[in-house]
Amino acid sequence: MKVEVINKSNNQLPKYETPASAGLDIRADFSRLSPENLLKAFGDVEVIYAGESHPTTMVRLDPGARALIPTGIFTAIPEGYEVQLRPRSGLAIKKGLNLINCVGTIDADYRAEWGIPVVNQGLEAVWIEDGERICQAVLNKFEQIEWDEVESLNETNRAGGFGSTGK
């Protein structure tokens, strides 16, 4: 499916890393960060800007810290579709880097820059480099709910929830 995209980053467009991949890899874009254009972050976060001592801008998130990582990507998702942002499993298991909301949604009417809300759930500081692959994006078709208010629901054999089916 064709999706209109504007790429204001220095990175290539998001791409599938293998022919059978469901998710596009999304990269961090720190090219527009500066002391005047700050990273939106909470907790113990450090930004090291590219310069003589560092070839690229880097962001450090201490355990529990959160940041909205810019991507430089702007899209027009077709109506009836959404993009789901998902953590990269390798970063989650090795470093504890996760998405704050576990799975994020980019709606069809959203036109602003894609921002990736990350959290360090690990035990040590995590460094994110400019251009690093930080999450995956999956395009999904969806249906919207049309509520039908009723007086009762049909019965099933299931009793309870929140662990009621476990042993």
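Reply:

**Salt bridges around Arg 133**

In this predicted model, the side chains of Arg 133 and Asp 25 come together in a salt bridge, with 2.6 Å from N to O. The two partners belong to distant parts of the chain, since Arg 133 sits in strand 13 and Asp 25 in strand 2, 108 residues apart. Asp 25 has a relative accessible area of 6%, and because buried means under 20%, Asp 25 counts as buried. Arg 133, by contrast, has a relative accessibility of 26% and therefore counts as partly exposed.

Arg 133 has a further partner, for its side chain also meets that of Glu 17 in a salt bridge of 4.0 Å, N to O. Glu 17 lies in the loop between strand 1 (4-7) and strand 2 (24-27), while Arg 133 is in strand 13, so this pair ties together parts that are 116 residues apart in sequence. Glu 17 is partly exposed, with a relative accessible area of 36%.

Lys 95 counts as partly exposed, at 36% relative accessibility.

Elsewhere, Asp 44, Glu 46, Arg 60 and Asp 62 are linked in a network of salt bridges. The count of salt bridges in the model comes to eight.

Asn 140 falls within strand 13 (133-141), and a polar contact of 3.5 Å joins its side chain to that of Gln 84. Gln 84 belongs to strand 8 (residues 81-87), and its side chain makes another polar contact, of 2.9 Å, with the side chain of Glu 82. With a relative accessible area of 18%, Gln 84 is buried.

The segment after strand 13 (133-141) is where Glu 151 lies. Glu 151 is exposed, with a relative accessible area of 84%, and together with Glu 146, Asp 148 and Glu 149 it forms a negative surface patch. Patches are made of residues with no salt bridge, so the acidic residues of this patch stand apart from the pairs described above.

Key. Residues numbered from 1 in each chain as written. Predicted model: local features only at pLDDT ≥ 70, side-chain atom pairs only at ≥ 80, totals over all residues. Heavy atoms only, no water. Patch = residues over 30% accessible without salt bridge, like charges linked within 9 Å, V, L, I, M, F, W, Y side chains within 5 Å. Areas by Shrake-Rupley, 256 points an atom, 1.4 Å probe, with all protein chains shown as cover. Lys, Arg positive; Asp, Glu negative; His and termini not counted. Charge placed at Lys NZ, Arg CZ, Asp CG, Glu CD. Helix = DSSP H or I, 4+ residues; strand = E, 2+ residues; numbered from the N terminus. Buried < 20%, exposed > 50% of the residue type's maximum accessible area, 1.4 Å probe, protein only. Polar contact = N/O pair within 3.5 Å; in protein donor to acceptor, adjacent residues only side chain to side chain.
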